[in-house]
Amino acid sequence: MDFTDKITEAKKQKPIQIFSKGHKEIGGVNVIKSPVKLVILSMLKDNEMEFDEIVKNTGKSKSTISVHLKSLRNDGVISFKFDPDDQRRKIFYINSRFLGEIEPPEPFELEEQKTSFLLENIVNKEIDKDGKFNFSHLLFHTFRSTLIQEGFNINPILYESGRRIGLALYEQIKADDIDVFIKNLKEFWEDYGLGRLELKLGEKIEITAYDCFECGLLPKTGKPACYLDAGIIEATLSSFLKKEVKVIETKCFTMGDNCCVFEVETLE
């Protein structure tokens, strides 16, 4: 999706977005409902932008954009710096963490929310030798499917949670040899019921996950869903490579695929 498409999508959907109170604040959130503010933030998510560019891309008057930028700055969501080549020009950027968004809830009960689905796919299906089902899987699936049902998107929080898990996990699977490290990661994934991993090494690392714990039973939304897994992968691989990496999920069960695929590339 290119920059113009992002702006068009933001204008069309207008979900409610949730941001933290800013880097210097502790706790608290900002709930953004204004369609104009949402368009501005969609432009600033991946790019710093000068005032006149914002005006041009939104199609609003300078006075209208000034009011919204001032409000976002007062709330700690964005900030600005002066252009080093022209001190009269302000360059705006997001100064807080994107936490998620709320969209209109599904107008019908999702199949994956029904008791019959939970009984058939988790309670009765995932029973161990002691006759106990996987309660953690039931809990996680019900939590995620309920969020989808109600229109809550907390993908950034899931990703950050995955990163924290990955940093702790790395201490248990780390190794100097890459083959040993990959073996340890794959064994951990299977031993704890997260699925099965296959890794292809190259200019980009490609990780394929089968029988995915995170998304395998979620409804097909047309969007990737494995943000917890992506966070774990990012933290473990960046720790091993000693470089920052970017993880993008290109295939997912929720997109209609029969596996999940993550592409990993270093940022250096």
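Two strands count as paired if DSSP finds at least two bridges between them. Helices (H or I, at least four residues) and strands (E, at least two) are DSSP runs, numbered from the N terminus. The model is a predicted one, in which local features need pLDDT of at least 70, side-chain atom pairs count only at pLDDT 80 or more, and totals for chains, interfaces and linings use all residues. Residues are numbered from 1 along each chain as its sequence is written, and side-chain values use heavy atoms, with hydrogens and water left out.

Begin with the open sheet of four strands, whose order is S2-S1-S6-S7 and whose pairing is antiparallel. Strand S2 (29–32) and strand S7 (152–153) are the edge strands; each has a single partner strand, so one side of each has no neighbour in the sheet. Strand S1 (residues 16–20) is joined to S2 by four bridges, and in this pair Gln-17 is opposite Ile-32. S1 also pairs with S6 over four bridges, again in the antiparallel sense. Here Ile-16 faces Ile-102 of S6. Two bridges then link S6 to S7, with Glu-101 opposite Asn-153 in S7.

Helix H7 (residues 155–173) lies across strand S6 (98–102) and S7, and runs at about 140° to S6. Such angles run from 0 to 180 degrees between N-to-C directions, and axes are lines fitted to C-alpha atoms, for helices over the stretch in contact.

Strand S11 (residues 260–266) has antiparallel pairings too. Five bridges join S11 to strand S9 (residues 205–210), where Glu-206 stands opposite Glu-263. Six bridges join S11 to strand S10 (residues 245–251), and Val-247 of that strand is opposite Val-264.

Next come two packed helices. Two packed helices are described by the angle between their axes and the distance between the axes. For helix H2 (residues 35–44) and helix H4 (residues 62–74), the angle is about 75° and the axes are 10 Å apart. H2 is therefore roughly perpendicular to H4 (65 to 115 degrees on the scale used, with under 35 roughly parallel, over 145 roughly antiparallel and the rest oblique). Which residues of H2 and H4 meet? Val-36, Lys-37, Ile-40 and Leu-41 in H2 meet Ile-65, His-68, Leu-69, Ser-71 and Leu-72 in H4, contact being heavy atoms within 4.5 Å. The residues of this contact comprise six nonpolar, two polar and one charged. Ala, Val, Leu, Ile, Met, Phe, Trp, Tyr, Cys and Pro count as nonpolar, Asp, Glu, Lys and Arg as charged, and the others, Gly among them, as polar.

Last are the spaces. On a 1 Å grid over the protein atoms alone, a cavity is a set of points where a 1.4 Å probe fits but cannot get out, while a pocket is an open set with protein on both sides within 12 Å along at least five of seven lines; lining residues have an atom within 4 Å of a point. Grid points are joined across faces, edges and corners, and a volume is the space filled by probe spheres set on the points.

The count is one cavity of 30 Å³ or more. The largest cavity has a volume of about 40 Å³. Its lining consists of Ile-178, Phe-181, Ile-182, Leu-199, Leu-201, Ile-205, Leu-237 and Phe-240. Helix H8 (178–191) and helix H9 (227–241) each give two or more residues to that lining. The lining has eight nonpolar residues, no polar and no charged.
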